[in-house]
Amino acid sequence: MKKAILNEFTTLYRFGIPFETDATVFEKNDLVFEKCEKIDYFSIVEKENSTTLNIKLSNDDKVYGLGETLGSLNKRGKVYRLFATDDPIHTPEKDALYGSHPFVIISNKFGFFIDYPGEIIFDISYTKFDEMIITINSNNFDIYIFDTKKDIEVVREYLKLTGKPYIPPKWAFGYQQCRWSYPDAETIKDVANNFRKRNIPCDAIYMDIDYMENYKVFTIDDSKFPNFPEFVSEMKNMGFNLVPIVDPGVKIEKGYDVYEEGIKNDYFCKDENGEYFVATVWPGYTHFPDFLNPQVREWWGEKYKLFTDLGITGFWNDMNEPSIFFVPKTLKEYLKKIDELKEKEVGLEFFMIKDEAVNLSNRREYYKSFYHNTPQGKYSNDEIHNLYGYYMTKATVEGFEKIIPNKRYLLLSRSSYAGHHRIATIWMGDNMSWWEHMLVNIRMLQSLNLSGFFYTGADIGGFGSNSSPELVIRWMQLGVFSPLYRNHSALGTRHQEPWAFDEYTEEILRNTIKLRYALIPYLYSEFFNSVDNLKPFISPLFLHFDDEISKNIEDQFMVGNSIMAAPVIQPNAKGRYVHLPENKWLYWKASNHKYRNVKVYEPGDYYIEADLNEVPIFIRENSLIILNEEDINYVNEKPIKELTVIGFVNNSAEFTYFEDDGETYDFNSGKFAKIKIVVNKENNRYNFEVEKDESEDFVSTVERIKFEIYDEKGNKHTEIIEI
Ligand code: MIG
C-alpha cells in the first residue's frame, strides 16, 4: 500500500494496481507516492482476491452517503451491495440497486471514497452494531480519505475530486410526463393536447421502448410515427420536448445497420472463447457494445444524431447495468427441466421451477462470462461491472460534444458510477406506487445530492403497481421540490396523468404543477448557486443545523438555502409532524401559487396542518424566495417580466436571482444576468435594494419586483420596485 497527499484534507491510499476509472478529475500522472502501512480509523485485512476494511463506530456515530441505496438516510443497520442490478422490486431487504457511489461520511469525523468499479459490500452496523465492515472484491483499488470533521467540507472535497455537477437545460425544471408507453404519435399528441387544453403546464413527454421498430436501438417505427420530423416540430411548437429512451442491447439481425456496423468493426463484448456474447433483452438476442473502448463510444455517440438533428435534446439511457433477462444456454436448460416434468404430477417442483424462471435474470455468472477491451487491457464485466452505465452515458455525452456542441441536454441514465454526476444524471429506477416509496424517494434525493447528483428524481406517483388519487396528489406535491419532476408509470398499471382520476384530483394537480412553475426562478437560481459552491441543492438538515434532532430527520429537507420541504407522505393525513430547527420559520400552506396562507412558528416540534390540496413550504427566518406568478404553459413560453419576492425577515435577508439563455453553456463566458435583492429591517421599517448585474451580452428581462415581506408577527409589508 502507498499513499499520496492531494491537499490539506484529502489523501489517496492505493492498494495494488487499480483499474483507472473515470471518477476523478485531477491529473493522476503528477502523483507523488510514499510507502505506508496503515490508514487512520481503518483496520485492514488483505486476503486472496478480496480486502476487508473495518471501521469502529461509536454509539453516536452517524453514517451518511452511498448515493443510490435503500435504507435510512443514516445508513446504519443494513448491508449495501454496490453491484449494478436491475431489480424492479425495491423492498427494504434488497441490498443492490442500479448505481454504485462508494462515498461515505462519518458525521463530524471524516469521510472516504473507495474508487473500485467491481462489487463492494458495506455492512454498516448490521453484523455488529459498533462496526462498519467493508468487503472489496479485489486487492486493487484506491481509497480517498477526506480528513475534516465538517460534513459539508467532506462533501466539497468529494466534489472537488469528482467534479462539478452537471447542469441540465432550464426546461428540465418543468413538469415531465412519462408512461410505458405512449406508443405512437397519435397517443403522444393526445397527451400533449390534454395538457394544453386543460391548462396544466408541462415541458416534456417521454418516448418509451415502443417507438422503436422491434426494440431496435436507433430506429423509429414508421407505422407508429409516419412523419417523425414533422411530429417532433409540431411538439416543439406546442412547447414540448420529446425524450426518447435508448437501450444498449443491439438486436442480432442481418441487415440492421447498427448490428452490421458493430460486427464489421468488432465493437461488441465477447465471451471467453472470443465469440460475441449473446444476452436476451427486449429485442430478443442482442450484443452489448463495449463502451469501455473509446472507438465504440465514438461510434455510439454519433448515433444520437438521428434525434438531435430534429432538435431533440433529452434522452434516457435505460437497461445499462446491463440488465440481462437470460442467456440462450440458461433458458434452454430451464426449458429442458420443464419438459422433463411434463409427464409427472408436480407439487413441490412447481415452486422450484417458478422461482428458477425469475433467477434466470441478471445472474452473476453472466457478468463473469463477457469481456471488455479497455485501453488498460482486457477485463471481465464482473471486474468493472459498475462502469457500464457510466461509459454508455459517456459515449452519449462525447457524441453530444460533437453533434450538439454548446447545447445543454437532459440526460438520465439508469446505471451510474461515482463521477457520473459530472456529465449527466440518473433517475431512481423502478419504484412502486406505494406510500413507503415516497420516503425512499426523499431519502435518496438527499443521499444522491451528497454524491453530487443535484438534479435527480424518482418516478413520481410510482412506476410499478396501481396508484390512487391521494397517493398521486401527495407525491406530486413532494415532486414540487424534486429537481427532476417526472411522473412515470409501468405497462399494465393504472394511468396517472393529472387528469387520469377525477376532476377534484385534476384541479389539485393543476395547482400543484403551477406552484412548481412559479417556483422555477427560485429553484433555477439556487441550483446554479449550489453548483458554484459545491453544496448540495437538496440537502439533509444535518448540513444546515447542528442540533441533535436534525441529524436523524430524514423526511424533511432543504431546497436551496431558504426553503425547507416537509411533504405529507402518509395516507388520509391532514398534516404531519415537523421539526423546526434553530430559527423561526414562516409556514406557507400553499394550495395555489397566488394565494398566501402563512403563519409564523418559533423553533420547536409541531403537528402542522396540510390538507390534501396544500403543499407545506417552510421559509427560513431572514431569507427570501422568488416566484414567477404569471401563468405559463411551459418554461420558455414567455420572458419573465415580474418577480414576486416572498420573505420572512426580522433583520436582513438577501437573494441573488440568476438568469441565462437556459440552453447553452454561454453562462461560462459571462452571458448571464444576476439581480441581487436585499431586504433590511431597521426600527420596524423595511428597506429594499435591488441591484442588477448584467452585461452587453445578456440583458435580464425582469422589469419589476414585487415584495411581500412578513415580519415575526406574520404581518405583511409590500413594495414594488421598477428596475
Ligand atoms: O424492464 O422501457 O426503468 O423506466 O419504463 C423494463 C421500459 C424496462 C425499465 C425502466 C422503466 C421503463 C421500462 N424499462
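**Figure 1. Helix α7 and its packing partners.** The buried residues of α7 pack against α8 (348–358) and α9 (364–368). This is a predicted model, as are all the views that follow. Which residues of α7 are the buried ones? They are Thr330, Tyr334 and Leu341. Look down the axis of α7 and these buried residues fall within an arc of 35°, so they line one face of the helix. Turned away from that buried side is a face with the exposed residues Lys329, Lys332, Lys336 and Glu340. As for length, α7 covers residues 328–341, and its 14 residues should span 20 Å at 1.5 Å a residue. The end C-alpha atoms are 20 Å apart, which agrees.

**Figure 2. The salt bridge between Glu253 and Lys216.** Here the side chains of Glu253 and Lys216 come together, with 2.8 Å from N to O. The pair links distant parts of the chain, 37 residues apart. Glu253 sits in the loop between β17 (250–251) and α4 (257–264), and Lys216 in the loop between β15 (204–207) and α3 (228–237).

**Figure 3. The salt bridge between Glu712 and Lys584.** In this view the salt bridge joins the side chains of Glu712 and Lys584, at 3.2 Å from N to O. Glu712 lies in the loop between β40 (704–710) and β41 (716–722), and Lys584 in the loop between β30 (575–580) and β31 (585–590), so the pair ties together parts that are 128 residues apart in sequence. Glu712 is partly exposed, with a relative accessible area of 38%. Lys584, with 16%, is buried.

Figure 4. Arg596 and Glu708 form a salt bridge through their side chains, with an N to O distance of 2.8 Å. Arg596 is in the loop between β31 and β32 (598–601) and Glu708 is in strand β40, so this pair ties together parts 112 residues apart in sequence. Arg596 is buried, with a relative accessible area of 15%. Glu708 is buried as well, at 10%.

**Figure 5. Lys28, a buried charge with no salt bridge.** Lys28 is found in the loop between β2 (10–15) and β3 (34–35). What is the nearest side chain of opposite charge to this buried lysine? That would be Asp115, 4.4 Å away. Leaving out neighbours within four places in sequence, Lys28 is in contact with Arg14, Glu20, Thr21, Asp115 and Tyr144.

**Figure 6. Trp588 and its surroundings.** Trp588 belongs to strand β31, and this residue is buried, with a relative accessible area of 0%. What is in contact with Trp588, once neighbours within four places in sequence are set aside? The list includes Leu515, Tyr595, Arg596, Val615, Pro616, Ile617, Leu627 and Ile646. Pro616 is 28 residues from Trp588 in sequence, and their C-alpha atoms are 6.2 Å apart in space.

**Figure 7. Tyr517 in helix α13.** Tyr517 sits in α13 (residues 503–533) and is buried, with a relative accessible area of 3%. Not counting residues up to four places away in sequence, Tyr517 touches Gly174, Tyr175, Pro201, Cys202, Asp203, Ile632, Tyr634 and Val635. How far is the C-alpha atom of Tyr517 from that of Glu629? The two are separated by 8.6 Å, and they are 112 residues apart along the chain.

**Figure 8. An open sheet of 3 strands.** The strands run in the order β17-β19-β18, with antiparallel pairing. β17 and β18 (279–281) stand at the edges with a single partner strand each, so one side of each has no neighbour in the sheet. How many bridges join β18 to β19 (residues 284–287)? There are 3, and Ala279 has Thr286 in β19 as its bridge partner.

Note on methods:
Residues are numbered from 1 along each chain as its sequence is written. This is a predicted model: local features need pLDDT of at least 70, side-chain atom pairs count only at pLDDT 80 or more; totals for chains, interfaces and linings use all residues. Side-chain values use heavy atoms; hydrogens and water are left out. A salt bridge is a side-chain nitrogen of Lys or Arg within 4 Å of a carboxyl oxygen of Asp or Glu. Helices (H or I, at least four residues) and strands (E, at least two) are DSSP runs, numbered from the N terminus. Buried means under 20% relative accessible area, exposed over 50%, partly exposed in between (1.4 Å probe, protein chains only). Lys and Arg count as positive and Asp and Glu as negative; His and the chain ends are not counted. Contact means heavy atoms within 4.5 Å. The expected span of a helix is 1.5 Å times one less than its number of residues. The arc is that of the directions from the helix axis to the C-beta atoms. Two strands pair if DSSP finds at least two bridges between them.
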